[in-house]
Structure formats: structure tokens, C-alpha cells
Amino acid sequence: MDRNKVICRCFNVTAGAIEDAVKSGATTFEDVQAKTSCSTGCGCCEQDVRDLINELAK
Ligand code: FES
């Protein structure tokens with residue numbers, strides 16, 4: 001995984017930031033939103049965020 005890849009352009013949230021949120025206890029999309037603010041703007045990154053969370057949960 002490229003940790004520097006920007007997943008949410010509205011809030012400049014990288015894959016690494018989402019990974020860190022999951023590692024620090026976020027288990028749901030809503031948890032990750034609360035920790036990183038990702039996907040709280042236009043929402044167009046939602047599927048990518050969900051896919052990444054699912055990937056990290058494996
Ligand atoms: S790109 Fe994530 S909320 Fe807009």
C-alpha cells in the first residue's frame with residue numbers, strides 16, 4: 001500500500017492516515033470519518049475509504 005496516496009482530496013487524507021486510524025481502533029467507516037475527517041466533504045471518496053478499511057481489516 002502506498003501510504004502517501006491521497007484518498008480524500010477534500011481533506012487531504014492519505015491512505016497512511018486511514019491506516020493509522022484503523023490501527024488505533026477505528027473499525028467502521030464512521031469511526032474513520034470521526035478520526036480523520038475523510039469523506040465528510042463532497043463524499044466522492046466514500047467507496048475508496050470503505051474499500052481501504054475492508055482491505056486493512058483483513
Ligand atoms: S474527496 Fe473525500 S470528502 Fe471529498
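A residue is termed buried if 20 or more other C-beta atoms lie within 10 Å of its own, exposed if 12 or fewer do, and partly exposed in between, with C-beta atoms placed from the backbone. By this criterion, buried residues make up 24% of the 58 residues in the protein chain. The structure is a predicted model, in which local features need pLDDT of at least 70 and side-chain atom pairs count only at pLDDT 80 or more, whereas totals for chains, interfaces and linings use all residues. Residues are numbered from 1 along each chain as its sequence is written.

The protein chain contains three helices and two strands; these are DSSP runs numbered from the N terminus (helices: H or I, at least four residues; strands: E, at least two). Along the sequence, the pattern is β-β-α-α-α. The radius of gyration, taken over C-alpha atoms, is compared with a globule rule of 2.2 Å times the number of residues to the power 0.38. Its value for the protein chain is 10 Å, close to the 10 Å that the rule gives for 58 residues, so the chain is as compact as a globular protein of that length. The C-alpha atoms fill a box of roughly 25 × 20 × 15 Å along the principal axes.

Helix H1 spans residues 15–23, and within it Ala-15, Ala-17, Ile-18 and Ala-21 are buried. Viewed down the axis of H1, the buried residues fall within an arc of 160°, so they line one face of the helix; the arc is that of the directions from the helix axis to the C-beta atoms. These residues pack against strand E1 (6–8), strand E2 (13–14), helix H2 (29–36) and helix H3 (46–57). Contact here denotes two residues whose C-beta atoms, placed from the backbone, lie within 7 Å. Apart from neighbours within four places in sequence, Ala-15 is in contact with Met-1, Asp-2, Arg-3, Lys-5, Ile-7 and Leu-52. After H1 comes Gly-25, with a positive phi near 115°.

A nonpolar core is a set of buried Ala, Val, Leu, Ile, Met, Phe, Trp, Tyr and Cys residues joined through C-beta atoms within 7 Å. The largest such core has twelve residues, including Ile-7, Cys-8, Val-32 and Leu-52. E1, H1 and H3 each supply at least two residues of this core, and the largest share, four residues, comes from H1.

Leu-56 is located in helix H3. With 17 C-beta neighbours inside 10 Å, Leu-56 counts as partly exposed. Leu-56 touches Glu-19 and Val-22, residues up to four places away in sequence not being counted. Leu-56 and Val-22 are 34 residues apart in sequence, yet 7.5 Å apart in space, C-alpha to C-alpha.
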